[in-house]
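Hi,

Here is the structure I said I would pass on to you.

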Amino acid sequence: MYDIIIIGGGLIGCSIGYELSKYNLNIAIIESEYDIAITAASSNSSIVYSGMENYDKINYELIKQGSQMMESVAKKFNVPYKKTGSVFLASDENEEKLLDDIYEISKQNNLFDILKFQNEEAKEYDKILKFSSSKGVHFLNTAIVKPYDLTLSYAETAFYNGGVEFKFGEAAETIKKVHEKFEIKTNKSKYTAPVIINTVKKLYFKWDVKKEEAKNAYSYYVYTKKSFNLGTNKVIFKLYTDMRIYAYKTFQGNTKICIKSILKMDTEQILGICFSLLKNFKREDVENIYTWEYYKNDLLIDTNNIDYGYIKVAGKNFASITIAPALALNIKDLIIKHLNCQLRNDYIDKRRDTYNIKTMTDDEINSLIELDPNFGKIVCSCEKVTLGEIIDSIRRPLGARTIEGIKRRTGITSGYCSGSACLQAITNILASETNKKLSEVIKESKNSFVLSGRIKEFD
Ligand SMILES: Cc1cc2nc3c(=O)[nH]c(=O)nc-3n(C[C@H](O)[C@H](O)[C@H](O)COP(=O)(O)OP(=O)(O)OC[C@H]3O[C@@H](n4cnc5c(N)ncnc54)[C@H](O)[C@@H]3O)c2cc1C
């Protein structure tokens, strides 16, 4: 029996788990996959919004609070974070009207980091954009952060301090109230706890508020090769009346072009929009294109049943990453009041050091190699990842158990050759470190094995 069960090990589940792990509580996080945050928080950098254009008061307060907290959270955990600022641009009367609305609502919401500009300054962006801008708004506090590193930092710190158990590969199937406790049935076992935090949208309990059917929308992401130069470090938003486009340079040096629309588009339509947006963009600049379907503004934060020990937070809001630190703190406060528990005095609020050879000086690398020669052996030559980094990603608290887990922690196989030169070596390392047969090594999700079987059997 646990004090608290959190269902779902995404950013929201892990950030709440981290805040609660500072108290003398026995917590379980149930995650259906073999690693945390396998779904939405995987993109290589995401925007930390500062609260602009939000018409919903509760969301707005959380975005503002989260945006203010993010820099210090990222600093504490050594998570890549950069305050880039953003500009919203308009080029005709209708778009100017949208821009004015965004400016006014931001002012009403007491957002002070905004500057409105016109003509001369707007023309600055003509160098990189295909259209001429007449008006713009500059949000100084917009930033980018690495969402997977953020989630991993929360999860590792909670796990390392004890008190939080991760149940990987277990899908919660039902939630029942049995007397004063909740009973969670998974595909493998049964667990009970007086408090449940359900972060999985499609896992319903009888008290869940059924939201009205929301309209579907699509996000299209085009990643360019690193050789493409966006021409600015800011996040550029172009406002259209029927669509939203933004582009920015990620930590890896690629440009990410995002198109949000209710229209279903094919590759040529997506590329056509990119051509009409960016002056220097060419077909050969494209590295990857992804499409996501989502429900507009689909975020449910229901704390009305806290007196009975049940909280539901689920949905994929455009700013869930931004709100995560603030939301976790608010939910922790509610639960602490409900359970009346004590702060631990042995808590180490720090993530264990990580190693990234690419960002270290020669002196730092040489001292590391002296301690462990594996940091001098390159395994993934495209991304310059060493054997030492791969082994650390497996052995550290809450270490990787899949190839995708190692990739997200170290960057292996995300370079030019997509793993064709090093995947076999990495599979061997993971098998030997986890004491598994090669044919048991999992690529990403359930039943996705790297090897489908042997082609020859020998005596
Ligand atoms: C395309 C896209 C772009 C985004 N961009 C931004 C951005 O730029 N800035 C920003 O602030 N936000 C952004 N967001 C929002 C943010 O990334 C996500 O909403 C956020 O990561 C969601 O976190 P979560 O923990 O709620 O959900 P998830 O990450 O989906 O976590 C839920 C977890 O529950 C697990 N699970 C599912 N079913 C079960 C079950 N039955 N039992 C146990 N576990 C289960 C899943 O495997 C998953 O790990 C974006 C979202 C999307 C979709």
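**What sits in the middle**

The largest nonpolar core has 96 residues, and the members that touch the most others are Ile4, Ile5, Ile7, Ile27, Val145, Ile196 and Leu327. Helix 7 (residues 320–339) supplies the largest share of this core, eight residues. Where does the core lie relative to domain 1 and domain 2? Domain 1 (4–42 + 147–211 + 299–339) and domain 2 (86–140 + 215–295) both give residues to the core, so it lies between them. Do keep in mind that this is a predicted model.

There is also another core apart from that one, with 16 residues, including Cys380, Ile390, Ile403 and Ile412.

Leaving out neighbours within four places in sequence, Ile196 is in contact with Ile5, Ile7, Ile175, Phe182, Gly309 and Tyr310.

**The domains**

The domain assignment of the chain lists domain 1, domain 2 and also domain 3 (357–440). Between the C-alpha centres of domain 2 and domain 3 there are 36 Å.

**Two helix pairs to look at**

Start with helix 1 (residues 11–20) and helix 7. Their axes come within 8 Å and cross at roughly 40°. That angle makes helix 1 oblique to helix 7. The crossing of helix 1 past helix 7 is right-handed. On the helix 1 side, the residues that meet helix 7 are Leu11, Ile12, Ser15, Ile16, Tyr18, Glu19 and Leu20. Their partners in helix 7 include Ser320, Ile321, Ala324, Leu327, Ile331 and Ile335.

Next, go to helix 9 (residues 387–395), where Gly388, Glu389, Ile390, Ile391, Asp392 and Ser393 are buried. What covers these buried residues? The cover includes strand 21 (378–380), strand 22 (385–386), helix 10 (403–410) and helix 11 (423–434).

Helix 9 and helix 10 pack with their axes 10 Å apart, at an angle of about 115°. Helix 9 also passes helix 10 in a right-handed crossing. Glu389, Ile390, Ser393 and Ile394 of helix 9 make the contact with Ile406, Arg409 and Thr410 of helix 10.

**A buried tyrosine**

Is Tyr81 buried or exposed? Tyr81, which lies in strand 4 (residues 81–83), has 21 other C-beta atoms within 10 Å. The cut-off for buried is 20 or more, so Tyr81 counts as buried. Not counting residues up to four places away in sequence, Tyr81 touches Met70, Glu71, Ala74, Ala143 and Val145. You met Val145 above, among the core members that touch the most others. Now look along the chain from Tyr81 to Ser91: these two are ten residues apart, and their C-alpha atoms are separated by 31 Å.

**Two residues with a positive phi**

Most residues other than glycine have a negative phi. Asn340 is not a glycine, yet its phi is positive, at about 55°. Asn340 lies in the loop between helix 7 and helix 8 (362–371). With 6 other C-beta atoms within 10 Å, Asn340 is exposed.

Ser418 also has a positive phi, near 50°. Ser418 belongs to the loop between helix 10 and helix 11. How many C-beta neighbours does Ser418 have inside 10 Å? The count is 11, and Ser418 is therefore exposed, as the cut-off for exposed is 12 or fewer.

Cheers

Technical notes
Residues are numbered from 1 along each chain as its sequence is written. This is a predicted model: local features need pLDDT of at least 70, side-chain atom pairs count only at pLDDT 80 or more; totals for chains, interfaces and linings use all residues. A nonpolar core is a set of buried Ala, Val, Leu, Ile, Met, Phe, Trp, Tyr and Cys residues joined through C-beta atoms within 7 Å. Helices (H or I, at least four residues) and strands (E, at least two) are DSSP runs, numbered from the N terminus. Domain bounds come from an automatic or database domain assignment. Two residues are in contact if their C-beta atoms, placed from the backbone, lie within 7 Å. Axes are lines fitted to C-alpha atoms, for helices over the stretch in contact, and angles run from 0 to 180 degrees between N-to-C directions. Angles under 35 degrees count as roughly parallel, over 145 as roughly antiparallel, 65 to 115 as roughly perpendicular and the rest as oblique. A crossing is left-handed if the near helix is turned anticlockwise from the far one by less than a right angle, and right-handed if clockwise.
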